[in-house]
Each structure stands twice: as structure tokens, then as C-alpha cells.
Amino acid sequence: MATIIVNGKSFTAPDGKRLILALVDEGIDILHRCGGNARCTTCRVTFNSGEPQSYHPREQAKLESSGNLGKFRLSCHILCEGTMDVNVLQSLASTGLPDPGPLPAAEIPV
Ligand code: FES
């Protein structure tokens, strides 16, 4: 089991679960406008601790092409492991959008 911490509140999630889904399933308000396909960057998070050292190739490509490599990570392309203390950067409540976006699939698309 992984431990996820958001705003000082912790919960557990299975190892290997997509971080975006762990956050959504916990009821945390976070956008995922492209449905977890590394296209929108609205699922962005920063890490206080526990940031994965490696990038999924699609996450890295999107962050590089958008000039955001090193600024934040894409929670739709990160898998839960260890203890991750994260900050959610884009919430539905902070936008005028009607919904957070399509729910990402259980697995990162190949
Ligand atoms: S980049 Fe769109 S949901 Fe992650």
C-alpha cells in the first residue's frame, strides 16, 4: 500500500494505482480534462516529498513540449508508491468548468 498525503491529510492507495485515480477516489477536487492521456496537464501536481525519479515517456514528452518540465508532474501518468506528499494545483472549484473531465481509465494507456 502507498500513503498519499494532500494538505496534511493522508490516505492509503494500492501500489501501482494511477495517482489521479487515488486522488479522485478519495474525493479530492482535481481536474483531469483529457481523461488521463497526458494532453491537458490539468491533473498537475507538485510533490513535497516522494516524487518519482522517473517519468513515463508520455508525461516527459508533454512536460517538455509545454515548457513545464521541472515545474510540476502529471498525476495521470504517475503510479502510487511509497509515501507521496502532493499538492493539487488545478481544482474544479477554482474554474467555471462544468465538470473535472472524463474519468481516466484504470491503467495508463499504452
Ligand atoms: S494530462 Fe490530462 S488528465 Fe493528466
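Two strands pair if DSSP finds at least two bridges between them. Helices (H or I, at least four residues) and strands (E, at least two) are DSSP runs, numbered from the N terminus. By these rules, five bridges join E1 to E2, and the two strands run antiparallel.

This is a predicted model: local features need pLDDT of at least 70, side-chain atom pairs count only at pLDDT 80 or more, and totals for chains, interfaces and linings use all residues. Residues are numbered from 1 along each chain as its sequence is written.

## Overall build

The protein has two helices and five strands. Along the sequence they follow the pattern β-β-α-β-α-β-β. The radius of gyration is 13 Å, close to the 13 Å that the globule rule gives for 110 residues, so the protein is as compact as a globular protein of that length. That radius is taken over C-alpha atoms, and the rule is 2.2 Å times the number of residues to the power 0.38. The C-alpha atoms fill a box of roughly 30 × 30 × 25 Å, taken along the principal axes.

Two residues are in contact if their C-beta atoms, placed from the backbone, lie within 7 Å. Take the contacts with a separation of 6 or more: residues 24 or more positions apart account for 71% of them.

## The sheet

In what order do the five strands form the open sheet? The order is E2-E1-E5-E3-E4, and the pairing is mixed. Strand E2 (9-13) and strand E4 (73-74) stand at the edges, each with a single partner strand, so one side of each is left without a neighbour in the sheet.

| Strands | Sense | Bridges |
|---|---|---|
| E1 (residues 2-6) and E5 (residues 83-88) | parallel | four |
| E3 (residues 44-49) and E5 | antiparallel | four |
| E1 and E2 | antiparallel | five |

Follow Val6 across the sheet. Its bridge partner in E5 is Val86. In E2, the bridge partner of Val6 is Lys9. Val86 in E5 also stands opposite Phe47.

## The core

A residue is buried if 20 or more other C-beta atoms lie within 10 Å of its own, exposed if 12 or fewer, and partly exposed in between; C-beta atoms are placed from the backbone. Of the 110 residues, 30% count as buried.

A nonpolar core is a set of buried Ala, Val, Leu, Ile, Met, Phe, Trp, Tyr and Cys residues joined through C-beta atoms within 7 Å. The largest one has 18 residues, and Ile4, Leu19, Ile20, Ala22, Cys43 and Cys80 touch the most other members. Helix H1 (19-25) and E5 each supply at least two residues of this core. The largest share, five residues, comes from H1.

Ile4 sits in strand E1. It counts as buried because it has 23 C-beta neighbours inside 10 Å. Leaving out residues up to four places away in sequence, Ile4 touches Ser10, Phe11, Ala13, Ala22, Cys80, Met84 and Val86. Leu19 has contacts of its own: beyond its neighbours within four places in sequence, Leu19 meets Ser75, Ile78, Leu79 and Cys80.

## Helix H2

Which residues of H2 are buried? They are Glu59, Lys62 and Leu63. Seen down the helix axis, the buried residues fall within an arc of 95°, so they line one face of H2. The arc is that of the directions from the helix axis to the C-beta atoms. On the other side of H2, Pro57, Glu64 and Ser65 are exposed. The cover over the buried residues of H2 includes E4.

Glu59 lies in this helix, which spans residues 57-65. Why does Glu59 count as buried? It has 21 C-beta neighbours inside 10 Å. Not counting residues up to four places away in sequence, Glu59 touches Ala38, Leu74 and His77. Glu59 and Leu74 are 15 residues apart in sequence and 6.4 Å apart in space, C-alpha to C-alpha. After H2 comes Gly67, with a positive phi near 75°.

## Two residues in a loop

Ala38 lies in the loop between H1 and E3. Its phi is positive, about 55°, although Ala38 is not a glycine. Ala38 is buried, with 20 other C-beta atoms within 10 Å.

Thr41 lies in the loop between H1 and E3. Its phi is near 65°, a positive value in a residue other than glycine. Thr41 counts as buried, with 21 C-beta neighbours inside 10 Å.
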